[in-house]
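Today I am opening my notebook on aromatic rings. Let me put the structure up and write down what I look up.

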Amino acid sequence: MAKKKAEPTELRPWDRRPWPSDGNRPEEVFTAVGMALSKWEMYDAQLSLLFGAFVSNSIDMSPALRAYGAVRTFEGRTEMLRASSETYFSEKPHLGLQNRFKPILKDAKNFSPRRNEIAHGVVDRFQLADEVPIPVGPRDKCALFPPYATFKDRDVRLTPLYCYGAPEILYFEGQFNKLMFEANNFAGEIFLMVQRDSSARTDQKQSRE
């Protein structure tokens, strides 16, 4: 019999946060949601630049960026990143950069479910984890819960499996911001290599003419 995989002893950065002990004003939760989602989109934009740097042979990455944006799911986009990185590093081996890219791709996949929970959640009156799944708290105390129409994140009694107040959502906003800068810095390094290669090809062409 296969051994049961051990549960992590502490929260990883992308894990769901513990159930808060209290809610927040509705406007605080809505503002936190907007901030987190906006930061995620900025992060995704940096990943699109990274994809463009992987697949473009020139500093004009417009076709690659449009191709990245045409893929509707983030899962599909991360697969594009993985496949393009394999080709890039196969043609231009660089073990240091390749090892740095692995956690970038891993973080993209691991944080994506948290982004989806924030994007598709519903703001409702706060309830404690052990209360019945009926929002009975005060209207000025709210939190973000799974949508009622989903079966994945609510049990058969509609009890939500997670709850995020404004602080929990802003925690992920901070994580998304960190991911954005990491992707930006890495994409910049790849882009500089592409730029140098493009300049070298131009110089070689001019020398032959």
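Which residue lies over the face of Tyr-148? I looked, and found Arg-154 there, at 4.0 Å from the ring centre. A note to myself before going on: this is a predicted model.

**Entry: the ring pairs.** I then turned to rings against rings. For any such pair I note two things, the distance of the centres and the angle of the planes. My count came to 16 aromatic pairs. I picked Trp-40 and Tyr-43 to begin with, and their rings are edge-to-face, with 5.0 Å centre to centre and 75° between the planes. Both residues sit in helix H1, which covers residues 26–55. They are three residues apart there, about one turn of the helix. I also checked their burial: Trp-40 is buried, and Tyr-43 is buried too.

**Entry: a pair across the chain.** Next I looked up Phe-54 and Tyr-88, whose rings form a tilted pair at 5.4 Å centre to centre, with 55° between the planes. This pair links distant parts of the chain, 34 residues apart. Phe-54 belongs to helix H1, while Tyr-88 belongs to helix H3 (residues 74–91). Are these two buried or exposed? Phe-54 has 6% relative accessibility, so I put it down as buried. Tyr-88 is at 3% relative accessibility, so it goes down as buried as well.

Note on methods. Residues are numbered from 1 along each chain as its sequence is written. This is a predicted model: local features need pLDDT of at least 70, side-chain atom pairs count only at pLDDT 80 or more; totals for chains, interfaces and linings use all residues. Side-chain values use heavy atoms; hydrogens and water are left out. Rings of Phe, Tyr and Trp (its six-membered ring) pair if their centres lie within 6.5 Å; planes under 30 degrees apart count as stacked, over 60 as edge-to-face and the rest as tilted. Helices (H or I, at least four residues) and strands (E, at least two) are DSSP runs, numbered from the N terminus. Buried means under 20% relative accessible area, exposed over 50%, partly exposed in between (1.4 Å probe, protein chains only). A charge sits over a ring if NZ of Lys or CZ of Arg is within 6 Å of the ring centre and within 35 degrees of the ring normal.
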